[in-house]
Amino acid sequence: MSGGTFTRPKVPTGETKWVTTTQKEITPGQFFVGYETTWVDFHKEKPYETPKKP
């Protein structure tokens, strides 16, 4: 290999029904490029209610 600079290819954003994956910016001096994964909430949160006494 020659002494040129190595650049990573730009990866398009991956989108599905439940998850979106985006490529993070390249940080000089790091060996790899990271990815950020954002999930859609599967469950709805309901406030706690005290159970009824028998």
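Which backbone atom lies 2.8 Å from a polar atom of the side chain of Gln 23? In the predicted model examined here, that atom is the backbone nitrogen of Val 11. The residue that supplies the side chain, Gln 23, has its place in strand 2, and its relative accessible area is 14%, a value under the 20% limit, so that Gln 23 counts as buried. When residues up to four places away in sequence are left aside, Gln 23 touches Pro 9, Lys 10 and Val 11 on the one hand, and Val 33, Gly 34 and Tyr 35 on the other. Burial of this kind applies to 6% of the 54 residues of the protein chain.

The secondary structure of the protein chain consists of 3 strands, with 0 helices, and the elements accordingly follow one another as β-β-β from the N terminus on. The 3 strands form an open sheet, in which their order is 1-2-3 and the pairing is antiparallel. Its edges are strand 1, covering residues 14–15, and strand 3, covering residues 35–39, each of which pairs on one side only. In general, the strands of a sheet pair through backbone hydrogen bonds, in either a parallel or an antiparallel sense.

The two pairings of the sheet can be described in turn. Strand 1 and strand 2, the latter spanning residues 19–23, are paired in the antiparallel sense over 2 bridges, and together these strands form a hairpin in which 3 residues lie between them. Within this pairing, Gly 14 stands opposite Thr 21 of strand 2. Strand 2 and strand 3 are likewise paired in the antiparallel sense, here over 5 bridges, and in this pairing Thr 22 has Glu 36 of strand 3 as its bridge partner.

Beyond the sheet, the segment after strand 3 contains Asp 41 as well as Phe 42. With a relative accessibility of 63%, which is over the 50% limit, Asp 41 counts as exposed; Phe 42, at 51% relative accessibility, also counts as exposed. Although Asp 41 and Trp 18 are 23 residues apart along the chain, a distance of 8.0 Å separates their C-alpha atoms. Trp 18 and Phe 42 also belong, together with Trp 39 and Val 40, to a nonpolar surface patch of about 460 Å².

Among the contacts between residues at least 6 apart in sequence, 11% join residues that are at least 24 apart. The predicted model thus presents an open antiparallel sheet of 3 strands, a buried Gln 23 with contacts that include Val 11 and Tyr 35, and a nonpolar surface patch to which Phe 42 contributes.

Notes
Residues are numbered from 1 along each chain as its sequence is written. This is a predicted model: local features need pLDDT of at least 70, side-chain atom pairs count only at pLDDT 80 or more; totals for chains, interfaces and linings use all residues. Side-chain values use heavy atoms; hydrogens and water are left out. Helices (H or I, at least four residues) and strands (E, at least two) are DSSP runs, numbered from the N terminus. Buried means under 20% relative accessible area, exposed over 50%, partly exposed in between (1.4 Å probe, protein chains only). Contact means heavy atoms within 4.5 Å. Two strands pair if DSSP finds at least two bridges between them. Patches are made of residues with over 30% relative accessible area and no salt bridge: like charges are joined within 9 Å, nonpolar side chains (Val, Leu, Ile, Met, Phe, Trp, Tyr) within 5 Å. Accessible areas come from the Shrake-Rupley method with a 1.4 Å probe; for residues, only the protein chains shown count as cover. A salt bridge is a side-chain nitrogen of Lys or Arg within 4 Å of a carboxyl oxygen of Asp or Glu. A polar contact is a pair of N or O atoms within 3.5 Å; within protein, one must be able to donate a hydrogen and the other to accept it, and residues adjacent in sequence count only if both atoms are side-chain atoms.
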